[in-house]
Amino acid sequence: MKIAILQTDIDWGNPSVNVKKADEMIDRYEQVDLFVLPEMFSTGFCTDPKGIAEPLGGESLQWMKRKAKEKGCALAGSIATEENGRFFNRFYFVHPDGKVDSYDKKHLFTYGHEDRFFTAGDQRVIVRYKGVSILLQVCYDLRFPVWARNRKEYDLILYVASWPASRIEAWNTLLRARAIENQCYVAGVNRVGEDPNCTYSGGSAVIDPFGHTLACCGDATPNIAVADLDLESLEAFRKKFPVLNDADSFNLD
């Protein structure tokens with residue numbers, strides 16, 4: 001499977017501008033199976049979503065569906081979403097046939113007061129696409145390895161993020177840790193630029209199960225990186241070095 005990660009500079013609270021930027025970036029590439037956008041790619045990361053969050057089935061999601069159909073690929077990224085009077089940091093995975101899977105961010109960023117306005121999700125979501133099982137995760141989830149623990153359920157983790165430059169070493173280190181400990185591919189997609197609270201330096205990358213970088217967007221500038229995921233090699237590695245067979249047993253509440 002060919003995956004492209006989009007490291008975008010998000011214009012604060014301006015979905016039409018941000019969607020147009022993403023649309024133009026995607027149009028530069030053909031024969032990509034999956035494009036992944038950052039956290040809250042259409043607005044920038046907001047902890048108070050009133051006046052910013054989109055209604056269920058809003059325009060940013062509709063654009064994702066149109067673009068997925070047009071390109072014959074999947075699109076993934078999170079959107080601040082309002083549903084029945086509650087707000088969710090919702091990670092959408094849109095298939096080319098219009099099917100939509102979604103995951104609501106579980107670990108809300110209490111340091112930034114995200115928990116004051118958003119409702120946390122309580123379900124892990126694993127998507128099946130083109131023979132690849134994909135775990136959906138959002139930003140702060142990266143710091144909680146139990147929530148991502150691979151119980152032979154998936155091949156790839158997607159982390160979409162607005163991860164500040166001041167903590168970028170944690171981002172770089174934890175992406176590799178999640179790939180190594182779970183014997184899987186990891187794609188971490190972070191934004192660049194500034195919002196009212198933070199500066200973002202990117203560092204978006206696709207990591208293989210050995211912790212090696214397959215592709216990266218670099219730092220500070222908008223960019224796209226493309227990587228091919230080899231499921232046959234992944235399976236061969238798991239059979240040769242069966243770490244997951246020795247994992248501790250536990251239940252997620």
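**Notebook: pockets and rings**

I began with the lining of the largest pocket, which by class has nine nonpolar, four polar and five charged residues. For these classes I counted Ala, Val, Leu, Ile, Met, Phe, Trp, Tyr, Cys and Pro as nonpolar, Asp, Glu, Lys and Arg as charged, and the others, Gly among them, as polar.

A note to myself on the source: this is a predicted model, where local features need pLDDT of at least 70, side-chain atom pairs count only at pLDDT 80 or more, and totals for chains, interfaces and linings use all residues. Residues are numbered from 1 along each chain as its sequence is written, and side-chain values use heavy atoms, with hydrogens and water left out.

**Pockets**

I took a pocket as an open set of points on a 1 Å grid over the protein atoms alone, where a 1.4 Å probe fits, with protein on both sides within 12 Å along at least five of seven lines; lining residues have an atom within 4 Å of a point.

I looked up the volume of the largest pocket and found about 290 Å³; a volume is the space filled by probe spheres set on the points. Its lining has 18 residues, and Phe45, Phe109, Pro164, Arg167 and Cys198 lie nearest the centre.

Next came the second largest pocket, with about 160 Å³ of space. Its lining includes Ser133, Lys152, Tyr154 and Arg238. I sorted that lining into three nonpolar, three polar and five charged residues.

**Aromatic rings**

I then counted nine aromatic pairs. Rings of Phe, Tyr and Trp (its six-membered ring) pair if their centres lie within 6.5 Å; planes under 30 degrees apart are stacked, over 60 edge-to-face and the rest tilted.

Phenylalanine 87 and phenylalanine 118 have ring centres 6.5 Å apart and planes at 65 degrees, so I wrote them down as edge-to-face. Phenylalanine 87 is in strand 5 and phenylalanine 118 in the loop between strand 6 and strand 7, so this pair ties together parts 31 residues apart in sequence. Strands here are DSSP runs (E, at least two residues), numbered from the N terminus.

**Charges over rings**

Finally, I found the charged end of arginine 90 over the ring of phenylalanine 88, 4.7 Å from its centre. A charge sits over a ring if NZ of Lys or CZ of Arg is within 6 Å of the ring centre and within 35 degrees of the ring normal.

Technical notes
Helix = DSSP H or I, 4+ residues; strand = E, 2+ residues; numbered from the N terminus.
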